Amino acid sequence: MAEVLKRRVLTIAAALLLGAAGFVGYLEAVPYLNTGPAAADQFRALRSGAAADGLSIGSHVVAMDACLLALTSGYGRAQPTRDRLAVADTCTTRAAADTAVSPSFAYGWYVEAAASSLRKDWAAMNRTAVMAQRTAPTEQWLAELRVALAEQNFVELDPAALAAHESDLALLVRSRRGVASIATRYVEDQAFRARITDIVETLDPAAQRAFVDAVQAAAGME
C-alpha cells in the first residue's frame, strides 16, 4: 500500500505544479481578508491594555478570541511592529494568567504560543504549544490551529514540539474534518508533502485512501 500511495501522491504532486502559484497566493491572502471594524477595535483595546477578562470560563474564551483576532487579522498584521508586539505582550500575559488558574485551558496555551511566536520567544512558543497539545490532544479545531502555527515556525520547533506537531498531524489525517485541512496544506506547501506522506504511510489502508482522495479533491482533480 505504501508504494501505491507514493505513486498516487507523486502523480498528484506533478499535476499541482501547474497551478500551485496561484493557489498559494490565494491562501496567503486569506488572513488579510479579515479587516472589519471588530478587528480594529480588538486590536486597539489590547494595544492600550484596557481590555480585561471577566470571571467566567466563557469570558476567558472570548478574551482569547479577541487576542487571536488581533494577532492574525488583516488589520492586526498591517499595524506597526511595535504595536503588534505590544498586543502580543498583552495576550501572552492574559493567556498565562488564565492557564495558571486553569492548567487544562488548552486554548489559552495555544494563544500564548501564537503570541510568543510573534515575539520570537521560541522557547515559550515550544513549551506552550506542547501544553496546548497535551491538554487537548483530540480537539480537532485546536489541532488545526496548532498545525498552522507549527508549520509557520517549523524550523524553530524543538524535539518535544515536533513530536506534539506530528501527533496533531496524525490526528487530523485520520479524521473526516481534519483530513480536508491537511489535504489543503499538502496542495499549498511542497515541503509539507514529504512530512505528511511519511505519517500517512503508517496508517491503515482505508485512512491512506481517504487521504489521497482528499488531496485530489483539494487539488480539483476529482
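Student: At 13% relative accessibility, does Thr 92 count as buried or exposed?
Tutor: Bear in mind that this is a predicted model, where local features need pLDDT of at least 70 and side-chain atom pairs count only at pLDDT 80 or more, while totals for chains, interfaces and linings use all residues. Residues are numbered from 1 along each chain as its sequence is written, and side-chain values use heavy atoms, leaving out hydrogens and water. The cut-offs are relative accessible area under 20% for buried and over 50% for exposed, with partly exposed in between (1.4 Å probe, protein chains only). At 13%, Thr 92 therefore counts as buried.

Student: Which residues does Thr 92 touch, not counting residues up to four places away in sequence?
Tutor: Thr 92 sits in helix H6; helices here are DSSP runs (H or I, at least four residues), strands are E runs of at least two, and both are numbered from the N terminus. With contact meaning heavy atoms within 4.5 Å, and residues up to four places away set aside, Thr 92 touches Glu 112, Ala 115, Ser 116 and Arg 119.

Student: And how far apart in space are Leu 85 and Arg 119?
Tutor: Leu 85 also lies in H6, but its 30% relative accessibility means that Leu 85 counts as partly exposed. Beyond its neighbours within four places in sequence, Leu 85 is in contact with Leu 118 and Arg 119. Leu 85 and Arg 119 are 34 residues apart in sequence, yet their C-alpha to C-alpha distance is 6.3 Å.

Student: How many helices and strands does the secondary structure come to?
Tutor: Read along the sequence, the pattern is α-α-α-α-α-α-α-α-α-α-α-α-α. The total comes to 13 helices and 0 strands.

Student: Is H7 roughly parallel or roughly antiparallel to H8?
Tutor: Axes are lines fitted to C-alpha atoms, for helices over the stretch in contact, with angles from 0 to 180 degrees between N-to-C directions. The H7 and H8 axes are 8 Å apart, at an angle of about 160 degrees. Angles under 35 degrees count as roughly parallel, over 145 as roughly antiparallel, 65 to 115 as roughly perpendicular and the rest as oblique. So H7 and H8 are roughly antiparallel.

Student: What about H9 and H10: is their crossing left-handed or right-handed?
Tutor: H9 (residues 140-152) and H10 (residues 159-173) have axes that come within 9 Å and cross at roughly 130 degrees, which means H9 is oblique to H10. A crossing is left-handed if the near helix is turned anticlockwise from the far one by less than a right angle, and right-handed if clockwise. For H9 and H10 the crossing is left-handed.
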